[in-house]
Amino acid sequence: MGKPLENTSGNDKNTLTVRDNRTGKVFTIPIQDNTVSATAFKDMKAPLIPGEREENETDKGLRVADKGFLNTAIIRSEITYINGEAGVLRYRGYPIEQLAERSNHLETAYLLIYGSLPTTEQFQVFQQEVLLHSVVHADASQFFRSFRYDAHPMAMLTSAFAYLGSYYSEANPALQGQNLYTKADKESLAIMDQQIYRLIGKATTLAAMAYRVRQGRDFVIPPKGLSYTGSFLYMMDHSGQDHYTPHPVLEKALDVLFLLHADHELNASATTALQTGSSLVDPFSVIAAGCASLYGPLHGGANEAVLRMLISIGKPENVPAFLEAVKKREKVLSGFGHRVYKTSDPRSFIVRKTADEVFKVTGKDELLETAMALHDAALKDEYFIKRKLAPNVDFCSGLIYRAMGFPLDFFPVLFAVPRVVGWLAHWRQMMLQEGGVKIWRPRQIYVGSGRRDYVPIGERIGVEGIKKTPSQMIHSGITKRTMLVSGKGQVTAKL
């Protein structure tokens with residue numbers, strides 16, 4: 001970005017001129033791609049004023065505060081463009097509407113990762129490699145069986161991605177050298193591509209295993225001759241039928257939803273994946289980190305939250321009372337609004353169309369009328385209009401998943417599987433960026449205590465308060481009974 005120029009006239013229009021009134025110095029900061037460098041402000045130093053906290057580090061330069069990354073660009077990217085004000089989403093320049101209508105998930109995965117739409121031959125090679133790498137080691141069966149019967153599928157999937165990395169020592173920079181993926185020669189790129197094939201291919205297999213272990217069913221080996229989503233449905237549902245073929249409408253609907261969820265710029269999980277990847281850890285750990293971030297209800301759990309909300313509302317006639325409760329902050333409105341989009345989410349229109357096609361096959365979900373009543377009422381209500389709370393991609397996708405027979409807690413998994421593509425695209429881009437990879441290390445604004453001396457425990461004055469002390473647990477049952485035990489020594493029980 002370039003170093004700021006001190007005490008210049010600032011005549012260049014493509015600059016930002018800043019006057020530091022503490023020192024009287026003037027700084028001219030270059031603007032590139034409508035962006036200024038945050039590190040430029042480190043040159044704006046000033047002496048500490050009398051009584052100022054030394055922890056402010058005023059003499060070390062000005063810091064930029066941005067809670068929640070509301071306006072901080074942390075990487076230069078060529079992958080996904082979003083215009084939240086206009087409701088625009090493009091993968092590598094291609095409108096999401098065109099891709100959803102004419103492309104498919106794996107072709108779009110190629111686009112996101114490698115930067116262009118593939119030729120027929122290129123796509124055949126990519127698709128073949130992804131599907132060939134969908135098979136997992138037989139030990140994976142034992143791994144999944146080790147979970148409790150009621151384990152959440154996202155907990156299993158997150159663990160499985162990390163576990164997967166233990167099989168491929170050749171893919172681990174900690175073992176092969178930290179420049180394994182950053183040197184970008186032919187051998188390095190081949191190793192990178194193989195991990196991309198493995199992660200995209202095995203994502204559906206691991207997800208299907210998490211699905212079936214909850215049902216106490218045997219696992220299914222990935223089939224041959226089916227599409228990516230067709231294979232996924234096969235591994236979840238096959239029960240010994242000959243010539244099993246998923247319903248084409250459901251297979252296509254799932255593929256469209258996968259395509260829509262493949263990437264969404266630097267959302268929480270993509271940022272988590274990149275922060276993790278900046279330490280040059282293996283890509284399996286990168287994907288596990290992204291999956292863990294996606295698990296949160298503010299991110300990947302949103303479509304599940306929509307269904308739980310609609311179930312709680314019940315009938316369409318209960319919608320007005322629910323919206324009034326939302327206005328009073330007594331209830332939470334899920335599936336409306338977005339951190340980026342300030343108008344309608346462009347993906348929501350595609351999902352609505354896909355839902356209509358699915359319902360023709362499965363029949364309408366009993367909550368559909370409630371959802372539409374909520375949809376129409378919120379869009380006409382001035383309270384929600386002013387706050388730009390339009391339906392997002394999660395509003396109808398949950399209804400599709402429910403109509404297809406997926407349990408609620410599996411919804412985040414159906415988000416994570418396609419988002420593996422986006423995480424890998426951003427990870428690959430960062431590994432190959434000019435200048436190499438620097439570990440991400442954000443600054444903080446320290447507002448805690450200044451220097452203080454240690455006080456012996458007998459001389460301390462206790463600090464009380466709900467946020468200042470640990471909670472006391474209430475024990476019952478076996479714990480309460482064993483706490484009353486008296487005796488000498490400790491007997492170690494054998495497992």
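Helices here are DSSP runs of H or I with at least four residues, and strands are DSSP runs of E with at least two, numbered from the N terminus. Keep in mind that this is a predicted model, where local features need pLDDT of at least 70, side-chain atom pairs count only at pLDDT 80 or more, and totals for chains, interfaces and linings use all residues. Residues are numbered from 1 along each chain as its sequence is written, and side-chain values use heavy atoms, with hydrogens and water left out.

The unreviewed UniProt entry puts its "active site" annotation on His338 and Asp394; such annotations may be inferred rather than shown by experiment. Asp394 sits in helix H17 (residues 394–403). Beyond its neighbours within four places in sequence, Asp394 is in contact (heavy atoms within 4.5 Å) with Ala302, Asn303 and Val306.

Now for the sheet. Three strands make an open, antiparallel sheet in the order S4-S5-S6. S4 (80–83) and S6 (94–95) are the edge strands with a single partner each, so one side of each has no neighbour in the sheet. Strands pair if DSSP finds at least two bridges between them.

| Hairpin | Residues between strands | Positive phi |
|---|---|---|
| S4 and S5 | four residues | Gly87, about 70° |
| S5 and S6 | two residues | Arg92, near 50° |

S4 and S5 pair over four bridges, while two bridges join S5 (residues 88–91) to S6. Arg90 of S5 stands opposite Tyr81 and has Pro95 in S6 as a bridge partner. Arg90 and Val88 lie on the uncovered face of S5, with Leu89 and Tyr91 on the covered one.

Terms used: Buried < 20%, exposed > 50% of the residue type's maximum accessible area, 1.4 Å probe, protein only.
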